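Dear colleague,

I am passing on the structure below, and my notes on its strands and aromatic rings follow it.

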Amino acid sequence: MKLVVRVKLLPTPLQSSALEATLTACNEAATWAATVAFETGVRRNLPLRRLTYREIKSRWELGAQAAQHAVKKTCDAYTALAANLRNGRCGRPGSKRRARVSGKPVAFRPQAAQPYDDRMLSWQHERRTVSIWTTGGRMKNVAFTGQTEQLEVLARYRQGESDLLCEGGQWYLLATCEIPEAEPNTHPAAFLGVDFGIVNVAATSDGTRYSGRRINRKRARDRALRSKLQRKGTKSAKRRAKKYAGREARRNKDINHKISKRIVAEAARTGRGIALEDLGGIRERARLRKPQRTTLHSWPFAQLGSFIAYKAKRAGVPVVHVDPAYTSQECSQCHHVERGNRPSQAVFACRSCGFVEHADHNSSHNIAHRGWYAWVRGAESTAPALTLIA
């Protein structure tokens, strides 16, 4: 399976200037190629390369590999745009939003990521440096750092391209690694059910709850701070808003990584599979009051599910996704379904058999049951082949 390892570069000011000039030149070239593709209708790699390759090399002084990557990046962007239009992610046909997106050429930010292959980038793992191509020539001894586990994975399994990226003035390399998968567990003893929620981010059928109370308080403070800075609108407010940009997303990602790691480790230790809710389309189906919508729509449930899926696949743990309908209203003991079984957010009390349990744990038991039934009926693991950033 593919895993993307993110390492931080530590360039000197001179090296940083060279990297910035390189990234700007590559993205300007890609934007020009995108304009040519838009005007001519040529959006396939080889035909577009015939139209733009020589001009890109001479005008922006890019090397052969960099010029080809700029063209390929343009074609990939148009492929992604076509998929988004086809799937309705840019609005309905005839809408202003769709016309605005499809009616102009693709453009790249000056610091958008640029792919590097092994001819343009080489790694010296023992010295923790890279040698990287720039518009000013080959630049050697650019230091990098990262977590010990990630650097070990990088040294052992790196294959293919790496992306150079600048975020908030910091430089990163995103390296693709081919990780060997563990032997899949084809005979799980049972399934560990996982219920996703807002009050409790995740609850398992083992009785573990990962509370979201502190997380939700921090998110509320972040939203209030963003609103305050946006209303103020001064230079210092904008500077501060830029400093805090992405903080909530980074925190959520870190929490999702920790939760998914613990869930997968417990399932692997006990020889069980993992049953998850299929939450596709939850934003469209959910009917909530306005204050609750922000909380629901801003928590990355899909990210948590994908983290569990790829960690499970790496550990050989089978994963199944089940229909979440009525899991919160169904009794996990007698399977009686009634809306009145849920008198409050945290309490489940069956009106048929009298069973009382924490509502999220009851739901997780139902998810575990449905996961086991799906497995014995012959459902295969639905853990997708994902490319994720570690």
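In this predicted model, strand 8 (residues 191–196) is joined by 4 bridges to strand 11 (residues 273–277), the two running parallel, and by 3 bridges to strand 9 (residues 200–204), these two running antiparallel. Strands are DSSP runs of E of at least two residues, numbered from the N terminus, and two of them pair if DSSP finds at least two bridges between them. V194 stands opposite L276 in strand 11 and opposite T204 in strand 9, while a hairpin of 3 residues joins strand 8 to strand 9.

Since 6 of the 6 residues of strand 8 are buried, the strand is largely enclosed by the rest of the structure; buried means under 20% relative accessible area, with a 1.4 Å probe and protein chains only. Both of its faces are covered, with F191, G193 and D195 buried on one side and L192, V194 and F196 on the other.

As for the rings, F191 is also linked with W372 and W375 into a cluster by ring pairs, where rings of Phe, Tyr and Trp (its six-membered ring) pair if their centres lie within 6.5 Å, and planes under 30 degrees apart count as stacked, over 60 as edge-to-face and the rest as tilted.

Residues are numbered from 1 along each chain as its sequence is written. Because the model is predicted, local features need pLDDT of at least 70 and side-chain atom pairs count only at pLDDT 80 or more, whereas totals for chains, interfaces and linings use all residues, and side-chain values use heavy atoms, leaving out hydrogens and water.

With best regards

Definitions and conventions. Buried < 20%, exposed > 50% of the residue type's maximum accessible area, 1.4 Å probe, protein only.
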